[in-house]
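Please go through the structure below with me.

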Amino acid sequence: MEEKKTTGHFLRMPRREFLFTAAGAGAAAALPGGLPGQSAPASPADAMAEKAKQENVVRLLLPQQNGHRNVLDLSGFWQFQLDPEDAGANGGWAHGLPAPRTIAVPSSWNDLFDDAADYLGPAWYFRDAWIPEAWRGRRIFLYFGSVNYAAEVWINGAPMGSHLGGHLPFAFDVTSHLAWDRANPLAVRVENIQTATRVPTGGEERGFFAGYPATHYDFFPYAGIERQVQLAALPENHIEDLTVVTKIEGSAGTVNVKAQASGEWSGAGKVQLARGGTAINARLDFRGGVAEATLRVPGAVFWSPETPHLYPLEVALEAHGATLDSYHLDIGIRTIEVRGPMAEDFLLNGKPIFLKGFSRHEDFPVSGRGLNLPVTVRDAELLKWTGANSFRTSHYPYSPECMELADRYGFLVIDEIPAVGMSFSDGEANIQKRLEQCLRDIDDLVFRDKNHPSVIAWSVANEPGPGGQPGRGGSNAGAVAAGTAFFTKLVGRAREIDSRPATFTTVEGGPFEWTALCDFACLNAYFGWYSLGGRLDEAAKAFGEYLDHAHEVLHKPIVITECGAEAIPGDHDAPPRMWSEEYQVEFLRNYLEVVGKRPYMAGFHVWNFHDFKTPQSIIRALGKNNKGVFTRDRQPKMAAHFLRSRWNPKA
Ligand code: GCB
C-alpha cells in the first residue's frame, strides 16, 4: 500500500465517508436525480419542514428553585396525537386534541406506540397548566429542555413561538398570555422530518447502505419532547446570564464572574463562593445590565478527574439591602489549554492530560432519547467502573443532568453540537441553511454549558465530508473549499464566544485542510472494521501509519474520538473473527498498543460506550450498532472487562 499526501488528504484507505454521507446527503443530489450542486426535488414532507421557522425564542439559564425563583415541572402524562395529514394547526388542535392518547413527557414517542415506531411527521402534545396565584407580578417563562426537532407552541390557543433543532433548550416569555383563574391549555406541535437543510441532515437515501427511517447518520432519529418542560417564575429584575472563568496563580485560584441582568438593570449585586465554613465575597456593580468581579481563592483545590472538587457559587441582585434574585452554580477551578501552535500538549491545570473513555449516545429501550435519570446515573457509574476519565457527547448535546454528573464525577467532556452527517456538494443555499442552524446550536450550547468545569472543548461537527461524486461532474475541490469556508466560520464562532479549544471529528480520508482549522485533532478510525476487516495485524499497522501521517501534517494533539468493532453479545470465536466479543477485544487491544507507542497522542475514545438503536438497514444487525462495550441495557461485554483491566487495574 502506498501513501499519497499530495493535497494533505489521506487517500490510502477507502473513504468511509461514503457510508453515511456521500451515499446519503451528497448523493441525494448527486445520484440519478441530478448533478452535484443541484438540490433534489422537494417532497411534501420536505416542503412542510421548509416552512418551520424559529420565532420568539429566548435563552434562559437552567430553571432553578430558590427563595427568589420558582419552577413548576410539567413532566408527566400529556395528551398526544399523531397528525400525519398535518390537519392540527388549521383544525384548532391548539385548543384541544380530537382523539388523544396518553404519552409520557419527557420521552421519545417512537418506542411507545407501534404506529409511531418509525413516524417522524407532525404530532401534537397537549395538557393544562395552572399558574400559582403567588406568581402574580413575576416574569413567567415556558422552558423546554429539548424537543426534537421542530416545535411550535401555543398557550390558551395563542401562538407563543417556534424553535428548530433538538437537544438544546429554548424558552418563551409567556407572562402576558396566562390566565390566573383557570387552567391554561398548552399545546406543542412537534415534527422531526429529515431533510438536507436540517442539522443533523437526513432525508431520502439512494445509496447501497440506505436505512429506514432515512437519516444521514447512524443512530435512530428519535422524536418528541425529550427533556423536561417547565414553567419558571423569575423576578422582574433577574439574572439572565453568568459566565465564570477560572485561572490558577500558584496555589491560588481566581474566579472571574461576569453577570448579565435583565432590562439593562443598574444597581448592586454580590457574588459569594463558599470554601469550607467560610465565604469569599465580592460586590457587583451593575451598569446597563452588566457587572463583573474576580474572587481569589487561596490554597484552592483544583478540579480534575482525580479531585472533581466543586465550589458553591451564589450570585445575587440587591436593592435597598434586600435580595431581588439569586442564582447558584457549582463551579470547578481549573484551566484548559492546548499548547501551541505546533505543539502536542493538551493541558489541564498546566499538566498534560490523556483522555480515556468513550464516545456515547443518549439511548435506552422504551425511553429512547428521552431523559432517563436512573440511566444517567448508571452510565456515570459504569464509566467510572471502566476507569474512563472522559467522554464526548456524540452526536448532540446531552442532558444538563448528565453534564452535572460529569462535573461531580470528574469526566473531561468534549461537548458536541448535532452537526453529524454534513456534506458540502448540495448547493450554497443548503449549506447556508445548515450554517445558520450550526451557529445557533453552538451559541446555545456555549450559553448552556460554559460554566461546567467538565467541558474541556467544543466539537462543532462529527465527520463532515465533501460529499458528491468526484469524477461524476461533481466538483470535490469546490466542496472542500465550501467546507473550509464553513468551518472557518463555525470554529471561529466557538472561539469567539468561549476560550475553550474548538474542534470537530474527522473521518478517515476526510480533508485535513478542515482538521487544520481545529485547536486539536479528533480522528475517528475503523481500520479492521470498515477496511481490513478480519486482518487485525494489517489494520493495526494501517492505523499506526494513519496516526503518524496525521501528526506529521497537523502538528496538533490528536485524540482518537472513535474506534471500534461490532460484537454481538454472546458471540464467541477462537481465533477471533468479526462480530465476536473476542474480535472486539483484540481490535481494542491493538489500538491501545498503537496509541500507547505514540507520545503525541492526547486521548483515546472507544466507539461506543453501549450498543444503540439505529435505522433498519443491512449494515446494522439486530437493529442496532453493536460496537458498544456494554449492551444496550448496560451489561458488560468482554471488551468492557478488558478496558477496565487497562484503565482501572486496581479495581
Ligand atoms: C462513525 C460515526 C458514528 C457511527 C460509527 C460506526 O464514524 O461517527 O456515528 O455510528 O462511525 O459505527 O460506523
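This is a predicted model: local features need pLDDT of at least 70, side-chain atom pairs count only at pLDDT 80 or more; totals for chains, interfaces and linings use all residues.

Q: What is the radius of gyration of the protein chain?
A: The C-alpha atoms fill a box of roughly 75 × 65 × 45 Å along the principal axes. The radius of gyration is taken over C-alpha atoms, and the globule rule is 2.2 Å times the number of residues to the power 0.38. For 651 residues a compact globule would come near 26 Å, and the chain agrees with this at 25 Å.

Q: How many helices and strands are in the protein chain?
A: Helices (H or I, at least four residues) and strands (E, at least two) are DSSP runs, numbered from the N terminus. On that basis the chain has 10 helices and 32 strands.

Q: Which percentage of the residues of the protein chain count as buried?
A: Buried means under 20% relative accessible area, exposed over 50%, and partly exposed in between (1.4 Å probe, protein chains only). The accessible surface of the chain is about 23,700 Å², with 53% of it belonging to carbon and sulfur atoms; such areas come from the Shrake-Rupley method with a 1.4 Å probe, and for residues only the protein chains shown count as cover. Of the 651 residues, the buried part is 61%.

Q: Which residues are the closest to the ligand?
A: A residue is near a molecule if one of its heavy atoms lies within 4 Å of it. The shell divides into five nonpolar, four polar and six charged residues; Ala, Val, Leu, Ile, Met, Phe, Trp, Tyr, Cys and Pro count as nonpolar, Asp, Glu, Lys and Arg as charged, and the others, Gly among them, as polar. Of the 15 residues that surround the ligand, the closest are Asp218, His395, Glu463, Tyr530 and Lys627.

Q: How much of the accessible area of the ligand does the protein cover?
A: A polar contact is a pair of N or O atoms within 3.5 Å; within protein, one must be able to donate a hydrogen and the other to accept it, and residues adjacent in sequence count only if both atoms are side-chain atoms. Of the 320 Å² that the ligand has on its own, the protein covers 98%.

Q: Which side chain makes a polar contact with the side chain of Arg189?
A: Arg189 is in strand S10 (residues 184-191) and is buried, with a relative accessible area of 8%. Beyond four places in sequence, Arg189 is in contact (heavy atoms within 4.5 Å) with residues including Met48, Trp124 and Glu152. At 2.9 Å, the polar partner is Asp86.

Q: Is Asp449 buried or exposed?
A: Asp449 is found in helix H5 (residues 428-449). Beyond four places in sequence, Asp449 is in contact with Met403, Asp415, Val455, Trp458 and Arg500. With a relative accessibility of 0%, Asp449 counts as buried.

Q: What is omega for the peptide bond from Ser394 to His395?
A: Most peptide bonds are trans. His395 is in the loop between strand S24 (390-392) and helix H4 (400-409). The bond from Ser394 to His395 is cis, with omega near -10°.

Q: What is phi of His320?
A: Most residues other than glycine have a negative phi. His320 lies in the loop between strand S18 (311-319) and strand S19 (322-331), and is exposed at a relative accessible area of 86%. His320 is not a glycine, yet its phi is positive, at about 50°.

Q: How far apart in space are Asn70 and Gly467?
A: Asn70 is in strand S1 (residues 70-73) and is partly exposed at 27% relative accessibility. The side chain of Asn70 makes a polar contact with that of Gln65 (3.2 Å). Asn70 and Gly467 are 397 residues apart in sequence, and their C-alpha to C-alpha distance is 48 Å.

Conventions
Residues are numbered from 1 along each chain as its sequence is written. Side-chain values use heavy atoms; hydrogens and water are left out.
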